[in-house]
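Trainee: I have a model to work through. Can we take it step by step?

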Amino acid sequence: MKKYFAEIFGTFWLVFGGCGSAILAGGGIGLVGISLAFGLTVLTMAYAVGHISGGHFNPAVSIGLWAGGKFSGKDLPGYIVSQLVGAILAAGALYFIVTGSDKEIGGFAANGYDSLSPGGFSMMSAFIAEFLLTAFFLLVILGSTNKRAPKGFAPMAIGLCLTLIHLISIPITNTSVNPARSSSQALFAGGDYLPQTWLFWVAPILGAIVAGFIHKALFDKE
């Protein structure tokens with residue numbers, strides 16, 4: 001249960017801090033600030049609770065670690081449910097904060113493609129971006145947490161990687177690489193965002209699985 005609560009708190013912080021920065025302060029901090037906020041949420045929570053649950057905060061990460069032989073399949077359902085709970089609680093808190101003012105929720109930092117893409121990118125563009133970025137995210141996670149990697153620096157590498165991912169893909173999809181984060185925001189944004197959520201489950205999970213297999217086959221052993 002401690003692991004599940006750690007995943008709830010960690011995913012809550014990721015969504016509240018990352019999406020909250022986009023919704024509440026996006027006009028002031030811009031793309032770079034939002035990207036940094038997402039990276040900082042993962043970095044800080046990885047140090048805070050990573051030693052308890054592994055600091056996944058993302059269903060695609062849990063599945064990718066399983067594919068790479070670093071996580072037990074029997075724990076996957078509990079982790080994914082915990083991550084969804086944390087993300088939805090954070091989105092709910094943001095919704096109540098935003099609706100407590102005269103500010104419109106707008107897109108609510110939800111992910112989308114075609115007309116819902118910030119830059120008008122197509123479904124195929126969004127799929128390729130989410131697939132590739134999640135794959136490289138998993139390669140960084142698996143590599144930096146490998147027993148042969150420098151100790152104590154994994155959260156920094158992972159947080160900076162997530163920052164870079166957002167710098168690349170906010171204009172494309174608003175950046176997902178995390179099905180829980182996408183689902184929670186779409187749930188409150190509503191409209192056409194919900195039917196597009198499938199892509200932000202399928203593409204990140206496929207990318208994570210491919211990265212897990214690649215790391216296991218090529219990089220895991222000396």
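Mentor: Start with terms. Helices are DSSP runs of H or I of at least four residues, numbered from the N terminus. This is a predicted model: local features need pLDDT of at least 70, side-chain atom pairs count only at pLDDT 80 or more, and totals for chains, interfaces and linings use all residues. Residues are numbered from 1 along each chain as its sequence is written, and side-chain values use heavy atoms, without hydrogens and water.

Trainee: Is Ile205 buried or exposed?

Mentor: Ile205 lies in helix α7, residues 199–219. Its relative accessible area is 17%. The cut-offs are under 20% for buried and over 50% for exposed, with a 1.4 Å probe and protein chains only. So Ile205 is buried.

Trainee: Leaving aside neighbours within four places in sequence, which residues is Ile205 in contact with?

Mentor: Contact means heavy atoms within 4.5 Å. Sequence neighbours within four places are left aside. That gives Ala60, Ile63 and Pro179.

Trainee: How far apart in space are Ile205 and Phe131, C-alpha to C-alpha?

Mentor: In sequence, Ile205 and Phe131 are 74 residues apart. In space, C-alpha to C-alpha, the distance is 7.8 Å.

Methods
Helix = DSSP H or I, 4+ residues; strand = E, 2+ residues; numbered from the N terminus.
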